[in-house]
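Colleague: Could you show me how to read burial, pairing and contacts in a model like this one?

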Amino acid sequence: MSGSISVDFVGHQFSETAEIVLADIKISVKAGQLVSLIGRSGCGKSTLLHIISGLLTPASGCVRIDGKTVTKPSAKWNMMFQKASLFPWMSVQENVGLGLKFSGASKGQIAQKTHELLELVGLKEKAQDSTQSLSGGQQQRVALARSLATSPSVILLDEPFSALDTFTRSALQQDVAAICKQKGITMVLVTHDIDEAVMMSDRVFVMDQNPGRIIDEIKVDLAWPRKHMSQHFQRIREDLLTAFKGTEKTESFRALDGSRYKAKSSAA
Amino acid sequence: MSQVASGAEIVEGPRLRARSMVSGFPSKYGYPLVGIMILLAVWWFGGWLIATNDDLSAFADFAPGPTFAALIDLIRSGDLTQTIVSSLFRVGAGLLWGFAIGVPVGILIGYVLVAMRVANVPFQFLRMISPLAWMPIAVLAFETWDSAIIFLIVMATVWPIMFSTSHGVKRIDPSWFKVAKNLGASGTQMVHRIILPAIMSDVMAGVRLAVGVAWVVLVPAEYLGVTSGLGYAINDARDTLAYDTLAAIVLVIGVIGYLLDTVCGVLVSRFNWHQKD
């Protein structure tokens, strides 16, 4: 199975004079694992995800996927954003098949794959519709199908459900996790929703800010599919909340090389 | 449930009827017809005033009657077709060049901030110069009159197309670039599959503006040396005091301009992917 991710001492600043956004991030994710990055707004979760995807080059350290250093975006590690960002001049089917078109797949291959994926996300009957006629949840399902079309080994989710209503979000959380498990896709989810992290992940990394860094890791050893109301779910949720509350008190951070970063208090 | 529905129907009925009257035949054909009738009436009244004034009676052929008679003669003789074809060829060639230069440069200055900063002042400066001000330079620079006229039309069309294109590029949702890069788009695929479809309605809006300007510039541009085209025909009619022919040519210029704008409007709608209410 492919899709292992190794984030090796990644640090980032947007310019030499700017504040350090990320410091010495070290994460290792096995192929097929589902992990979440959770933290307060501005702690650098999305920046880290952009670095993993190759959309952003880190100031220090590197990211490896299946042992190869990530230097640019690839259809093999696809990213989904908070906005579905569908192309409105294309039909639903054309949106889903776009990555395959870029890779030079034949019309027949594209038609077959898009048909399968639209069936998987429950939008088979919308194939020829305009994307502008879809609801927010349906648009995110199309974006998911589009991300899956190129058969990625890794899928990177940047708060993709945050703009959706509770019911749609819950359904999509279940579906995305199930699809990743079924297809053996490694998932990295950025979220600030603790329930979502527990619902969708095997491991949750808690991030603190100033500079952004990993301060804790919680293993989620719940059976699939998961239920919000189970005692075990609630216990893990409490563990995460405790770790999350810890981010309010942190004032400074000793990096792995022994240097100390000046960190502002994030207490409200 | 059915009571609510039927109640709503009673309330909505008159509104729907009123809406259908507004959006039905009258709004599509009736109102424009009334506008045309008013214009014809003003024209006829002006012609009557001229004809009844001894000082102006030499210009009586500007009235609708002689104009339409001259128009029929022009059509029957085949002169009008040749005149229109010559003018349309020049406008078409000028537009083509304006499009070929304006779209790529517009994409460049819309996409690359440095290019925009470098080009902004010179382009705004050149844009403000009337295309007709280039006439003497065009006459010196080009071997044929046709080329000189086409150059003037290019100078009129390139700016609206370029700035509309650049505006369209700036409006592109940045996340589309991220998604396309993520899906493995090459530079060419990015232009072909993402940028061009995204900006096409803006480009066509620029073309629509350009057609309007080109059509206005065409007539004075065709005063230059050529012996064909609508501008030449107007000049010739004036010199020969054939005011009925002159008015007929003016009528033709207006009709063709209107038709060109209508075609452009259809193209703008065709390429417009923004959701319609």
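Colleague: Let's start with one residue: does Asp8(A) count as buried or exposed?

Modeller: Buried means under 20% relative accessible area, exposed over 50% and partly exposed in between, with a 1.4 Å probe and protein chains only. Asp8(A) has 14% relative accessibility, so Asp8(A) counts as buried. Before we go on, this is a predicted model: local features need pLDDT of at least 70, side-chain atom pairs count only at pLDDT 80 or more, and totals for chains, interfaces and linings use all residues. Residues are numbered from 1 along each chain as its sequence is written, chains are lettered from A and ligands numbered from 1 in the order in which they are written, and side-chain values use heavy atoms, with hydrogens and water left out.

Colleague: Which residue meets the side chain of Asp8(A) in a salt bridge?

Modeller: The rule asks for a side-chain nitrogen of Lys or Arg within 4 Å of a carboxyl oxygen of Asp or Glu. Here the partner is Arg64(A), at 2.5 Å from N to O. Because Asp8(A) lies in strand β1 of chain A and Arg64(A) in strand β4 of chain A, the pair ties together parts that are 56 residues apart in sequence. Arg64(A) has a relative accessible area of 32%, so this residue is partly exposed. Salt bridges also link Asp8(A), Lys26(A) and Arg64(A) in a network.

Colleague: What does β1(A) pair with?

Modeller: Helices (H or I, at least four residues) and strands (E, at least two) are DSSP runs, numbered from the N terminus. Two strands pair if DSSP finds at least two bridges between them. β1(A) runs antiparallel to β4(A), residues 60–65, with five bridges, and Ile5(A) has Ile65(A) as its bridge partner there. β1(A) is also antiparallel to β2(A), residues 20–29, through six bridges; in β2(A), Ile20(A) partners Gln13(A). β1(A) and β2(A) make a hairpin, with six residues between them. Seven of the nine residues of β1(A), 5–13, are buried.

Colleague: How many strands are in the open sheet with mixed pairing, and in what order?

Modeller: There are six, in the order β6-β7-β8-β3-β9-β10 of chain A. β6 (77–80) and β10 (213–219) of chain A are the edge strands, each pairing on one side only. On average, neighbouring strands of this sheet are turned by 20° against each other, direction ignored. Over four bridges, β6(A) pairs in the parallel sense with β7(A), residues 154–158, where Leu157(A) stands opposite Met80(A).

Colleague: Now the interface: how many residues of chain A are in contact with chain B?

Modeller: Contact means heavy atoms within 4.5 Å. By that rule, 23 residues of chain A are in contact with 19 residues of chain B. Buried area is the accessible area (1.4 Å probe) that two parts lose on being put together, summed over both. Between these chains it is about 2,000 Å², with 64% given by carbon and sulfur atoms. On the side of chain A, Trp89(A), Phe102(A) and Gln132(A) lose the most area to chain B, together 37% of what that side buries.

Colleague: Which residues form a salt bridge across it?

Modeller: The rule finds one salt bridge across this interface, between Lys83(A) and Asp173(B), whose closest N and O atoms are 2.5 Å apart. β6 and α3 (98–102) of chain A are the elements that give two or more residues to the side touching chain B. The largest share of that side, four residues, comes from α3(A).

Colleague: What about salt bridges within chain B, such as the one between Arg208(B) and Asp261(B)?

Modeller: Their side chains meet at 3.0 Å, N to O. Arg208(B) lies in helix α9(B), residues 187–221, and Asp261(B) in helix α11(B), residues 243–271, so the pair ties together parts that are 53 residues apart in sequence. At 33% relative accessibility, Arg208(B) counts as partly exposed. Over all chains, a search of the whole structure finds 16 salt bridges.

Notes: Axes are lines fitted to C-alpha atoms, for helices over the stretch in contact, and angles run from 0 to 180 degrees between N-to-C directions.
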